[in-house]
Amino acid sequence: MKTSDPTTHPPASAPPEPAVSLPRVEFDDFERDVLVVTRELFATFATPALQSWGKAFSIAEDIWGETAGLVVAQKLQKLVRATLESRRYDFDFHDPFSSSAHGGMTRDETNFLQMLHYMRRDNISEARKAAEAVSLGKMDPYVLRASLAFADRFMCPKQEEAPIERGAHLRLVQ
């Protein structure tokens with residue numbers, strides 16, 4: 001599915017480019033879950049009448065709990081919008097309702113997740129390359145600002161730290 005500028009063009013109906021099987025980067029569970037939410041957000045911009053943003057926020061809340069999930073979705077929404085504006089609303093993504101969405105990622109989706117993957121791990125040189133790919137060869141300041149804000153809030157835990165938790169959990173407070 002391709003996004004298109006909602007102010008000048010109807011949503012494009014062309015299928016996305018062939019899925020990229022497994023990318024060279026091994027994404028963690030958090031990043032794979034981010035992809036699910038991100039697809040809903042891209043679908044919102046491609047077809048605003050679907051109002052997929054509501055589903056994106058609900059999915060994020062289901063995965064990470066109300067407090068963290070809504071922050072994840074809100075920061076992703078800013079990043080998706082910045083990405084689309086930097087590319088003039090040209091972004092290939094799998095329709096979240098399609099069975100093909102579960103079989104792989106488009107090149108654009110892979111670049112987007114790689115950018116977050118490297119930024120969350122503070123790998124500057126690889127993050128820079130991925131950010132340029134996401135912004136079609138530019139270092140777009142809005143994409144950089146939104147992706148760095150996301151990565152800063154959701155840094156990848158070090159090996160000895162606990163991973164980002166999914167859903168709400170009770171714990172004993174003394």
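Colleague: Which residues touch the most other members of the largest nonpolar core?
Modeller: Val34, Val37, Trp64, Leu76, Phe112, Met115 and Phe150 do, out of 43 residues in that core. A nonpolar core here is a set of buried Ala, Val, Leu, Ile, Met, Phe, Trp, Tyr and Cys residues joined through side-chain atoms within 4.5 Å. Buried means under 20% relative accessible area, with a 1.4 Å probe and protein chains only.

Colleague: Which helix supplies the largest share of this core?
Modeller: H2, with 13 residues.

Colleague: What kind of model is this?
Modeller: A predicted one, where local features need pLDDT of at least 70, side-chain atom pairs count only at pLDDT 80 or more, and totals for chains, interfaces and linings use all residues. Residues are numbered from 1 along each chain as its sequence is written, and side-chain values use heavy atoms, leaving out hydrogens and water.

Colleague: What does valine 37 touch?
Modeller: Ala56, Ile59, Ala60, Trp64 and Leu76, leaving aside residues up to four places away in sequence. Contact means heavy atoms within 4.5 Å.

Colleague: New topic. How many helices and strands does the chain have?
Modeller: Five helices and zero strands, taken as DSSP runs (H or I, at least four residues, for helices; E, at least two, for strands) and numbered from the N terminus.

Colleague: At what angle do H3 and H5 pack?
Modeller: About 55°, with the axes 9 Å apart. Axes are lines fitted to C-alpha atoms, for helices over the stretch in contact, and angles run from 0 to 180 degrees between N-to-C directions.

Colleague: Which residues make that contact?
Modeller: Met115, Leu116, Met119 and Arg120 of H3, and Val143, Leu144, Ser147, Leu148, Phe150 and Ala151 of H5.

Notes: Buried means under 20% relative accessible area, exposed over 50%, partly exposed in between (1.4 Å probe, protein chains only).
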